[in-house]
Amino acid sequence: MRQVEVGVIGTGWCGGIRAETLARQALVKALHIAEIRPDRLDEVAKATGAATATEDWHAISRHGSIAAVYISATPEDTHYPMARECLLAGKHVFLEKPIAMELAQADELLAIAKRNHLKFTIGYSQRFNAKYAYVRKSIREGAIGRPVSALVSRHLTRSLGKKISGRTKLSPAAMECTHDLDFLLWCFEPAKPVRVYSQINYGAMREASGGDVPDNQWITVTLDNGASFVVGGGWSLPPGYPNACTTWIEMIGSDGSVFLDDSHRDVVLNTMRQGMQLPMSSMPGEPVEHAYAGPMAAETLHFLDAVANDKPVLVTPEHARMVMEVYMAADLSAERNEIVTLPLPAAKPRAAAGR
Ligand SMILES: NC(=O)c1ccc[n+]([C@@H]2O[C@H](COP(=O)([O-])OP(=O)(O)OC[C@H]3O[C@@H](n4cnc5c(N)ncnc54)[C@H](O)[C@@H]3O)[C@@H](O)[C@H]2O)c1
């Protein structure tokens, strides 16, 4: 068994889950963490027994023994400079979505990873949800025939919408529908997207934020084999149901269909003190004593296994780049109020910010 030293940059919500998952793994020789909030750094260092804990993320990229780095920092414009520096330093990189802010930045990251023979993947964690994997399996095994069309409707509660839109100007397409674009393009492989049409809807979030924050966004994608799908995502639901996130998926094939209910109505906690709550309803999931409810732990370990045992990653950076192109086309379509044809032109990357 080959053990590796790993680093996690940004140990907030997702990075905390990644660090705690890695800390319990026999394949991990040592865990190193970086976080700019000293209290959170201290908390995660204690919970994980991290070998080193620093407020300077460059210490991770410069650490000679670290083989793989998980980048889970926010805001989202930190992703490209952090991934770039880690890849240039010869580290395998797991990067939370979004891959970058511009297509040319994504292209540069892909090129560095390829040139240096490094594993590079993006956190499309829903692929590690067994229900989603079942939809793809039913296509791959021919149970529903050839996929013809699909729908994904995903909605988050307003508190999460405020957290996300408070730190980035990225759209619901880039921040939420991105998971579903990734999933459906994976299901419809090898078909490629050729046309995108999208509309953005304003309502509660614009009023609450006083800014230009939409409630949700709907996207229609046409593929080169004539199939098409619709993805809608948003973050404006009131507190209460579904607590964190609700998703409904319809996959229609030539010989059958799969309907998937990921609406988190299956576990209801009702207490005198707090009323009705719906635990385990977030997209990353959460630890439940000895078990983990959700996809993020398995995803974290998949990348560790890929690095330690030289196996391929499930989400290739090329696929993530295609997803990025589709959500950027969706934003463009909504802005121009017209259909956008792919591919989009890619400009040269602007210099990496020195964060
Ligand atoms: N796959 C999923 O289901 C999923 C769910 C939520 C978020 N995400 C993605 O994961 C990323 C993290 O989201 P989150 O909700 O955990 O965010 P978060 O804000 O809870 O955590 C980010 C952490 O990064 C830290 N940080 C910021 N700058 C840093 C720096 N220079 N060095 C070190 N640490 C730094 C912050 O202090 C914070 O603790 C986001 O980009 C988001 O798109 C993915």
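These notebook entries record what I looked up in the structure above.

**Entry 1: the model**

I worked on a predicted model, in which local features need pLDDT of at least 70 and side-chain atom pairs count only at pLDDT 80 or more, while totals for chains, interfaces and linings use all residues. I number residues from 1 along each chain as its sequence is written. I take helices (H or I, at least four residues) and strands (E, at least two) as DSSP runs, numbered from the N terminus.

I looked up strand 4, residues 66-71, and found 6 of its 6 residues buried. I call a residue buried if 20 or more other C-beta atoms lie within 10 Å of its own, exposed if 12 or fewer, and partly exposed in between, with C-beta atoms placed from the backbone. Strands count as paired if DSSP finds at least two bridges between them. I found strand 1 (residues 4-9) parallel to strand 4, with 5 bridges; Val-8 is opposite Tyr-70 there. Strand 4 also pairs with strand 5 (residues 92-96), again in the parallel sense, over 4 bridges, and Val-69 faces Val-93 of strand 5.

**Entry 2: the ligand shell**

I listed 24 residues around the ligand, the closest being Gly-10, Gly-12, Trp-13, Cys-14 and Glu-96. A residue is near the molecule if its C-beta atom, placed from the backbone, lies within 6 Å of it. Helix 1 (residues 13-23) supplies the largest share of this shell, 3 residues. I sorted the shell into 9 nonpolar, 8 polar and 7 charged residues, where Ala, Val, Leu, Ile, Met, Phe, Trp, Tyr, Cys and Pro count as nonpolar, Asp, Glu, Lys and Arg as charged, and the others, Gly among them, as polar.

I traced an open sheet of 7 strands in the order 12-11-7-10-9-8-17, with mixed pairing. Its edge strands, pairing on one side only, are strand 12 (257-262) and strand 17. Strand 8 (residues 193-201) runs antiparallel to strand 9 (residues 216-223) with 8 bridges, and Asn-201 is opposite Asn-216. Strand 8 is also antiparallel to strand 17 (residues 340-341), through 2 bridges, where Val-196 faces Val-340.

I then examined helix 8 (residues 172-187), which lies across strands 7, 8, 9, 10 and 11, at about 150° to strand 10. Axes are lines fitted to C-alpha atoms, for helices over the stretch in contact, and angles run from 0 to 180 degrees between N-to-C directions.

**Entry 3: two residues of the sheet**

I looked up Arg-154 in strand 7. Arg-154 is buried because 23 other C-beta atoms lie within 10 Å. Beyond its neighbours within four places in sequence, Arg-154 is in contact (C-beta atoms, placed from the backbone, within 7 Å) with Glu-176, Asp-180, Gly-233, Cys-245 and Thr-247.

I looked up Gln-199 in strand 8. Gln-199 is partly exposed because 15 other C-beta atoms lie within 10 Å. Apart from neighbours within four places in sequence, Gln-199 is in contact with Trp-218 and Ala-334.
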